[in-house]
Amino acid sequence: TKVMSYAVSEFVIGDSILAFLDEKDAKFKVYHDGITRELEGVLFNNFISISNFKAEDNILAYVNYDNHFKIFYRKQTIELETTPPESFLTENNIVAYEDGYSRSFKVFYYGATFLLENVNPKSYKVADDLVGYVDVTGNFKIFYGGEKYDISTFEPEFYETKDNLIIFYDKNYFQVFYKGKIHTLEKFVPSMYKSDLNTLAYIDELGFLKVFSNGQFQQIPKEKVTKFEVSGNVVTYRTGINDITIYSDGKIYNPGK
């Protein structure tokens, strides 16, 4: 147990990073890799503060009291813009933002900044190393691995981001984007689906459980599933009242048998 501060007004936390406003020292600080670093001075009495900051996984993005947009990534503070963004989202290794000055849409990824669109998009969502968005004309696009993918010329009925997956329904197909490829799963939207890390599980129209995990698709049991959960890349499900089965890495385990 380690005391970060005895007077904190706000803080945010990611998987491996903690950022907080230390009122006692009037500093904006970050705790990462076992070390606490002072990022900015904060003038509390005159109401000058840092109020807009977000941390996810291994990256911190914030607007300082001079309205400069900065990030803390891999033990370094990097200034992205000298004006605050209209909006920004962060996840592992990535920050997507709407530039407040040029009104363009940009992404910071692995130390480089990419201009995705000259005009802010209609919507955007961020996952680990991923950005999904609908541009101003309704085209659905994905940024992954430093490249932009044109997915569809129509806006999908919905799209969601989760860890390493982008799940969407487009042109009457339930699909998932994973590591640069689109996988078409069904011609309907499942009534129940859950995802985590590299895995998506759902109940089909007949009540059977299907799993997309690490790029592979599999229908699991021969019986209908009553309940299931996804944690990491492990799927736990029930085919009866007490019959618990586990799916992991392409294998099925039944602890009760």
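Me: What makes Asp33 count as exposed?

Reply: Happy to go through it. Asp33 has a relative accessibility of 53%, and exposed means over 50%, so Asp33 counts as exposed. Bear in mind that this is a predicted model.

Me: Where is Asp33 found, and what is its phi?

Reply: Asp33 is in the loop between E3 and strand E4 (35–41). Its phi is positive, about 55°, although Asp33 is not a glycine.

Me: Why is Ala26 called partly exposed?

Reply: The relative accessible area of Ala26 is 26%. Buried would need a value under 20%, and exposed a value over 50%. Ala26 falls in between, so it is partly exposed.

Me: And what about the backbone and the place of Ala26?

Reply: Ala26 has a phi near 55°, which is a positive value in a residue other than glycine. Its place is the loop between strand E2 (17–22) and strand E3 (27–32).

Me: How many helices and strands does the chain have?

Reply: There are 28 strands and 0 helices. Along the principal axes, the C-alpha atoms fill a box of roughly 65 × 50 × 25 Å. Of the 257 residues in the chain, 47% are buried. The accessible surface comes to about 13,200 Å², with 47% of it belonging to carbon and sulfur atoms.

Me: Which residues touch the most other members of the largest nonpolar core?

Reply: Those are Phe28, Leu39, Ile50, Phe53, Leu60 and Tyr62, in a core of 13 residues. E2, E3, strand E5 (52–56) and strand E6 (59–63) each give two or more residues to this core. E2 gives the most, with 3 residues.

Me: Why might one expect nonpolar side chains to be found together?

Reply: In soluble globular proteins, nonpolar side chains tend to be buried together.

Me: What does Leu60 touch, leaving out residues up to four places away in sequence?

Reply: The list for Leu60 includes Val12, Ile17, Ala19, Phe28, Val30, Leu39 and Phe53. Lys70, Ile71 and Phe72 are also among the residues that Leu60 touches.

Me: How many aromatic pairs are found in the whole structure?

Reply: The search finds 19. One of them is formed by Phe140 and Tyr159, a tilted pair with 5.2 Å centre to centre and 50° between the planes.

Me: What parts of the chain does the pair of Phe140 and Tyr159 tie together?

Reply: Phe140 lies in strand E15 (residues 140–144) and Tyr159 in strand E17 (residues 158–162), so the pair ties together parts that are 19 residues apart in sequence. Both Phe140 and Tyr159 are buried.

Me: Why is the pair of Phe174 and Tyr193 called tilted?

Reply: Two values settle it. The ring centres of Phe174 and Tyr193 are 5.4 Å apart, and a pair needs centres within 6.5 Å. Their planes are at 55°, whereas stacked would need under 30 degrees and edge-to-face over 60. The pair is therefore tilted.

Me: Which strands does the pair of Phe174 and Tyr193 link?

Reply: Phe174 is in strand E19 (residues 173–178) and Tyr193 in strand E21 (residues 193–196). The pair links distant parts of the chain, 19 residues apart.

Me: How do you know whether Phe174 is buried or exposed?

Reply: Its relative accessibility is 0%, and buried means under 20%, so Phe174 counts as buried. Phe174 also belongs to an aromatic cluster with Phe158, Tyr169, Tyr193 and Tyr202.

How values were computed:
Residues are numbered from 1 along each chain as its sequence is written. This is a predicted model: local features need pLDDT of at least 70, side-chain atom pairs count only at pLDDT 80 or more; totals for chains, interfaces and linings use all residues. Side-chain values use heavy atoms; hydrogens and water are left out. Helices (H or I, at least four residues) and strands (E, at least two) are DSSP runs, numbered from the N terminus. Buried means under 20% relative accessible area, exposed over 50%, partly exposed in between (1.4 Å probe, protein chains only). Accessible areas come from the Shrake-Rupley method with a 1.4 Å probe; for residues, only the protein chains shown count as cover. A nonpolar core is a set of buried Ala, Val, Leu, Ile, Met, Phe, Trp, Tyr and Cys residues joined through side-chain atoms within 4.5 Å. Contact means heavy atoms within 4.5 Å. Rings of Phe, Tyr and Trp (its six-membered ring) pair if their centres lie within 6.5 Å; planes under 30 degrees apart count as stacked, over 60 as edge-to-face and the rest as tilted.
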